[in-house]
Amino acid sequence: MSTTHALLGVLAARGISHGYELKREHDRRLLGVKPLAFGQMYTTLARMLRDGYIAEAEHQRVGGPDRVAYRLTPGGHTELVNWLSQAVPPAAYVSAQLFVKVIVALIATPDEATARSFLATQRAAHLERMRELTKTKTAGGASVTELAVADYLLNHLDADLRWMATTLDRISQLRSEVAA
Amino acid sequence: MSDVVIEAKNIEKWYGPTLALKDVSLVVDRGEIVAVTGPSGCGKSTLLHCLSGILRPDQGSVHFQQRDLTVQSEAARSRLRRTAFGVLFQFGQIVPELTAVENVTLPLQLGGSRYRDAAVRAQRLLDRLGVGDLAGKRPGEMSGGQQQRVALARALVTEPEVLFADEPTGALDSLAGEQVMVELVRLAREHGTTVLVVTHNVQVAAYADREIAMRDGRVESAGRVTVTGEVR
């Protein structure tokens, strides 16, 4: 994930903002993405300043040290538009822990029933998370962003489960390949 | 006191030489929303039909509130389906020649209600489901999602104890399906209706409290945690 471009987007949406506001908005808008650590954010902001994507707009003082507020520069806007215009490369290969676990369950367990029992545990965990997300969606009062995040996560969990089901259906085939 | 609404014990169902349900046992508590999932042909619709008294299993028993459906006459089971059960199918199966409100009044009229009284209740439910302004329209004038909400109103208008839904969103796009499921769950929770929803869609199953996963005519997992902590 490009923290630079996420912060450029947040700054474009909010207008002039200081660091804490950017972090808070980043975490709120990108629910489901790991919250931004302050250290990482200030390192990224320093790099964005160096590259001319943002500029210092004003210094604010609210009963403590000075806080720097930033604004998007024309160069930063161009960079954001360029980034948005480029397609994300479809993943060539899955690196998820789940992928490794399922394949290992298939090749390292003594029989189909044992493999299935491991994967049933995973399915139950996925489904529990999907129930939580569905409740978030249906409780009422969710913003469009929150709905979009919930939909994104639900569809990915759904895809995991469908892939697991297909893989289980191939179980005999996979076992014969391993044994060969 | 037991709060079990439906209990199936060791049921089997044959279609000719094919064994569609093999030794299926399960319990469903009052007010539970349960998803029955599994691949095509795993027996989930057959199970729903056995639990709702549409089909009679060849072996085993199905109890609804301590009454064994398998020993009841077809007429008695039919009466039960009109009064205590609501059924919702993938394609709403609402009558194309009738308006929305006429479709929804049907189960009430079959139960002996006067049309005027039935129409008031039907209109109220259509309003709750956001299709009240379509009351005078025929199914051909509605979208798939609207038709399915009318079908849901018809299934719930008798305030059934149990709603059986067979792939209720299967013919809908994802947002229309979501609206149907949201309304289904909301109304069921409000009235304490027990729901069994058959689906191959995990996102639909995620609306339920529990998943009964089927495979090859058997219950693979009933989503209940036993005293030993095993999910079964």
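Helices (H or I, at least four residues) and strands (E, at least two) are DSSP runs, numbered from the N terminus. This is a predicted model, in which local features need pLDDT of at least 70, side-chain atom pairs count only at pLDDT 80 or more, and totals for chains, interfaces and linings use all residues. Residues are numbered from 1 along each chain as its sequence is written, and chains are lettered from A and ligands numbered from 1 in the order in which they are written.

**View 1. Helix 1 of chain B and the residue after it.** Gly53(B), which follows helix 1 of chain B, has a positive phi near 80 degrees. Of the 8 residues of this helix (residues 44-51), 8 are buried, so the helix is largely enclosed by the rest of the structure. A residue is buried if 20 or more other C-beta atoms lie within 10 Å of its own, exposed if 12 or fewer, and partly exposed in between, with C-beta atoms placed from the backbone. The buried residues are Lys44(B), Ser45(B), Thr46(B), Leu47(B), Leu48(B), His49(B), Cys50(B) and Leu51(B).

**View 2. The open sheet of chain B.** In chain B, 4 strands in the order 2-1-4-5 form an open sheet with antiparallel pairing; two strands pair if DSSP finds at least two bridges between them. Strand 2 (18-29) and strand 5 (67-68) of chain B are at the edges with a single partner strand each, so one side of each has no neighbour in the sheet. Strand 5 of chain B is joined to strand 4 (residues 59-64) of chain B by 2 bridges in the antiparallel sense. Phe64(B) has Arg67(B) in strand 5 of chain B as its bridge partner.

**View 3. The hairpin of strands 9 and 10 of chain B.** Strand 9 (residues 210-215) and strand 10 (residues 218-221) of chain B run antiparallel and are joined by 3 bridges. Arg215(B) has Arg218(B) in strand 10 of chain B as its bridge partner. The hairpin has 2 residues between the strands, and Asp216(B) takes a positive phi near 50 degrees.

View 4. An open sheet of 3 strands in chain A has the order 1-3-2 and antiparallel pairing. Strand 1 (17-18) and strand 2 (54-61) of chain A are the edge strands, each pairing on one side only. Between strand 1 of chain A and strand 3 (residues 66-72) of chain A there are 2 bridges, in the antiparallel sense. Ser17(A) stands opposite Tyr70(A) in strand 3 of chain A. Helix 1 (residues 3-14) of chain A packs on the sheet and touches strand 1, strand 2 and strand 3 of chain A; its direction makes about 90 degrees with that of strand 3 of chain A. Axes are lines fitted to C-alpha atoms, for helices over the stretch in contact, and angles run from 0 to 180 degrees between N-to-C directions.

**View 5. Helices 2 and 3 of chain A.** Helix 2 (residues 19-29) and helix 3 (residues 38-50) of chain A pack at an angle of about 115 degrees, with axes 11 Å apart. Gly19(A), Leu22(A) and Lys23(A) of helix 2 of chain A make the contact with Phe38(A), Met41(A), Tyr42(A) and Leu45(A) of helix 3 of chain A. Two residues are in contact if their C-beta atoms, placed from the backbone, lie within 7 Å.

**View 6. The side of chain A that touches chain B.** Here 10 residues of chain A are in contact with 10 residues of chain B. Helix 6 (112-138) and helix 7 (144-169) of chain A are the elements that give two or more residues to this side of chain A. Helix 6 of chain A gives the most, with 7 residues.
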